[in-house]
Amino acid sequence: MSAGPSRRSLLMGAAALAAAVGPFAAATTARAAARTPKVLVIGLDGALLGRIKDADAPHLDALMASGLTSLSALYAAPLAPTLSGPGWSTVITGVWPDKHLVKDNAFAGHALARYPDFLTRAETAKPGLSTYAVASWAPVTTTIFSPEVDTRVSTPSAEYDSGTTRRAVAELRDGDRDAVFVHLDNIDHVGHSHGAADGSYLTAIHDADAQVGQMVSAVRNRSTYGSEDWLIMVTTDHGHTDAGGHGGAGAAERQTFLIAAGAGITPGSTRHDIRMPDVAVSALAHLGIPVDPAWDLDGRALQQPAPDAFDALRPRLGTRVDETGTGAAVLGFTHTPPDGWAVDNSAMGSGGVTEWRGWAFTTDEFWTASERGQGRENNVRARNVFAVADGDEWADRSHSGTFDSTLVTPAWPVTGGSTAVLRYTTYYRQEAPQKGEVLVSYDGGNPVPVKTYTADTASRNEAITLQVPAGARTARVRYRYTGGNNWFWTVDAVSLEPGTGAR
């Protein structure tokens, strides 16, 4: 929600990694399979993870100690402002705003019928499930969750979070719900009134923590708890500035998090790969509902991490050298590629900002801070560590020549006379004479272009089918960015997979 009056007043008148998540051991999986899966998702509107850690919040601290914690980041305009409508829609549907099309708190032109909430998907896949949603902010239960949900409750204003908590506790303690979503609003309300730096914001977190504690206690005191397998997730829709408010591209406004506890999750673990749409998909996975590719979801189940080569670079990330926008203590960049990869800077100009001299490996926290409000925040489909070629930032210091750098994959095995599918996540912002080229070479031969970027390309997952020459045994992929003081190109999650068969 944007700065100014509270949202309520406005509306009443969005292999290191595998070790981090922990193995789902066979014995644990077998025990969980014998129990009935249940999901509780608690949304704390406008909550900042750092302030939760500062506050007296023993119940949230206990959940973090018994499960995983992941800090994540939102988008910014023009994809969507950091408001509650887009934020909760992203959490609840499992897709980013470019799909659900919720761009503000009015919900005009939304595509929630095309991308329904996770409780509706659960009902459709398994009609016998019992689903329940209760919210202190009415649009969550009147608009984002569909009428297919068994019970939707918009708590009356006079009752606010106390009424929401009372209803949720009663359902969790005495009901037989399979999936429950609860939305608490007061942290956001206090953030608007006093700011995230104010002591009253910590008090609001403390109060919400007590309400979370009541819900968790209700779950654990169920008479049937021993035969149930509960996944509990706590998340938020956006952050807050110190002065109060959100909607912009600032780091605090874009901050979100996930706390998750349940069977198979390593206690006290930290994850760096989780994004907002993962909440919905993780809930579905826990309920035993496979994601249909036709649903076109952006989320990935937290139970099924998929680390890539770039993520292994996180321990090698260093602090800034020339950058002034990024905090001096922020770890977030390296020029050292993963094992088997290479960066060819033989044609790269000299000078410029050290961090961005050729392809670099970085994080959202580090890269977006280099210059906010220029679209870097909308690299939403990258996760954890990703590769970036940023001619715009490189040219911010004295330099000569042009930006000309090539990221090179290992030589991957292929089958001659067959097909292979090159997959990667990308985000490209164009300004002439800039160009991004994807080239492929076989068995050390000449690289051949298979895709060229010369126009803005929003964050998306690419899949390019390659025709492998007869007799070829290996393929290397090259990502070459050329330009000057132009824009940028990001690449992540690169893989080369067997195709559908011989030509």
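1. Buried means under 20% relative accessible area, exposed over 50%, and partly exposed in between, with a 1.4 Å probe and protein chains only. Asp 344 is partly exposed, because its relative accessible area is 38%.

2. This is a predicted model, in which local features need pLDDT of at least 70, side-chain atom pairs count only at pLDDT 80 or more, and totals for chains, interfaces and linings use all residues. Residues are numbered from 1 along each chain as its sequence is written, and side-chain values use heavy atoms, with hydrogens and water left out.

3. Asp 344 sits in strand E10, residues 342-344 (strands, E, at least two residues, and helices, H or I, at least four, are DSSP runs numbered from the N terminus). Beyond its neighbours within four places in sequence, Asp 344 is in contact (heavy atoms within 4.5 Å) with Asp 404, Ser 405 and Thr 406.

4. Gly 67 is 277 residues from Asp 344 in sequence, and the two C-alpha atoms are 41 Å apart.

5. An open sheet of eight strands, with mixed pairing, has the order E4-E3-E5-E1-E6-E7-E2-E8. Its edge strands, E4 (151-154) and E8 (269-271), each pair on one side only. Two strands pair if DSSP finds at least two bridges between them.

6. Strand E2 (residues 68-73) runs parallel to E8, and three bridges join them. Within E8, Arg 271 stands opposite Ser 70.

7. Helix H6 (residues 84-93) lies across strands E1 (36-44), E5 (179-184) and E6 (228-235), at about 165° to E5. Such angles run from 0 to 180 degrees between N-to-C directions, with axes as lines fitted to C-alpha atoms, for helices over the stretch in contact.
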